[in-house]
Amino acid sequence: MTDDGQIIIRLFKAGQREEAFNQIVKNYGERLYWHIRSIVVVHEDADDLLQNTFVKAWSGMERFRGESGLYTWLYRIATNETLTFLSRKKLDLANGDPEELSGRLAADKNFSGDSLQLTLQKAIATLPPKQRAVFCMRYYDETPYEQISKALGTSVGALKASYHHAYGKVLEYVKANVDIDF
Amino acid sequence: MTEKDNILERPELKNTPFSVPEGYFESLPQRVAERIAASASKPAARRSPLRRWWLAAAAACLVAVAATALWLNPGSTDASLALGDNEEYAAMAEWFAASGAQPSELEASGSETLSQDEIIEYLAYNGLSGEYIYTALANAE
């Protein structure tokens, strides 16, 4: 566990809960937010999921034994929340309607990407939820497979295969839909 | 390999095109605290004992019906049951890897309700060795 994590756990166990809470959100909020946002794309969804992550983590703090490290534990909760959300939204943008996503991003003032980045986001939106999560974790953050494995409870070999497959599909989509000259 | 084949490796694509509203992270602790307080003040949903009794009775009836159906027709192999069997999928992946079959062949062999993505996703997240899937993908390509 990092020193930050150990300090926060000590604060919590010493009864300084408000301080522990503030430290958790301050230290890990931004990292977790970008992890979630890269997968769900829309800010409002990412914000909702991030808050749910902290609510769940806080309600489980008493039972947290510190074996996996505080950030790893939070990362796992955030990933599970995100995947559950994507599975529930399968009929929405999460699994297959790149054009709807395109419309939402065009109206999103928190998206500043060019046409190539928009095409990439549309390609990612066609992936099934778990493949999408694996792709985003590797592609944007270069998260080590071992860390993804802990978050998803999946073997490293299976994750490599999943990423390889997702990368191929995203590449094919982008190549077929990109609007720039080579 | 063309420039198009390397398009995903462009550095500008790896930078996030997203931003957050001004002051978002600064106000986050307070908003999370409010949500925690709101969730703590929600009364826990309680089921009446009568409702629980009815649910238990309904579950028992379902189990009895399913057991009777299986007893009356033990030889049937329901596709939906097979879907839950990890060994079936492992065998399918092994066959897929060994034969180099195309996804369309998989569909033609009775798996028409599953896409290639769904099969791969299922295999990947149910502990199957990545080597099988990787080889299968390489063969299919």
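## Confidence in chain B

Chain B as a whole has a mean pLDDT of 66. In chain B, 44% of residues reach 70 or more.

Two stretches of chain B call for care. The pLDDT is below 50 over residues 77–93 of chain B, a stretch with 13 contacts beyond near neighbours in sequence. It is also below 50 over residues 95–112 of chain B, where the model has 15 such contacts. Where pLDDT is low, predicted coordinates should not be read in detail.

The model scores ipTM 0.83 and pTM 0.67.

## Where the chains meet

Chain A brings 41 residues to the contact, and chain B brings 34. On the chain A side, five elements each supply at least two residues: helix 2 (17–40), helix 3 (43–59), helix 6 (115–125), helix 7 (129–139) and helix 9 (156–177). Helix 9 of chain A gives the largest share, 12 residues. By type, the chain A side holds 19 nonpolar, 16 polar and six charged residues.

## Helices 8 and 9 of chain A

Helix 9 of chain A also packs against helix 8 (residues 145–152) of chain A. Their axes lie 9 Å apart, at an angle of about 105°. The two helices of chain A are therefore roughly perpendicular to each other.

Helix 8 of chain A makes this contact with A:Tyr145, A:Glu146, A:Ile148 and A:Ser149. Helix 9 of chain A answers with A:Val156, A:Leu159 and A:Lys160. Four of the contact residues are nonpolar, one is polar and two are charged.

Technical notes:
Residues are numbered from 1 along each chain as its sequence is written. Chains are lettered from A and ligands numbered from 1 in the order in which they are written. This is a predicted model: local features need pLDDT of at least 70, side-chain atom pairs count only at pLDDT 80 or more; totals for chains, interfaces and linings use all residues. Two residues are in contact if their C-beta atoms, placed from the backbone, lie within 7 Å. Helices (H or I, at least four residues) and strands (E, at least two) are DSSP runs, numbered from the N terminus. Ala, Val, Leu, Ile, Met, Phe, Trp, Tyr, Cys and Pro count as nonpolar, Asp, Glu, Lys and Arg as charged, and the others, Gly among them, as polar. Axes are lines fitted to C-alpha atoms, for helices over the stretch in contact, and angles run from 0 to 180 degrees between N-to-C directions. Angles under 35 degrees count as roughly parallel, over 145 as roughly antiparallel, 65 to 115 as roughly perpendicular and the rest as oblique. pLDDT is the predictor's confidence in each residue, from 0 to 100.
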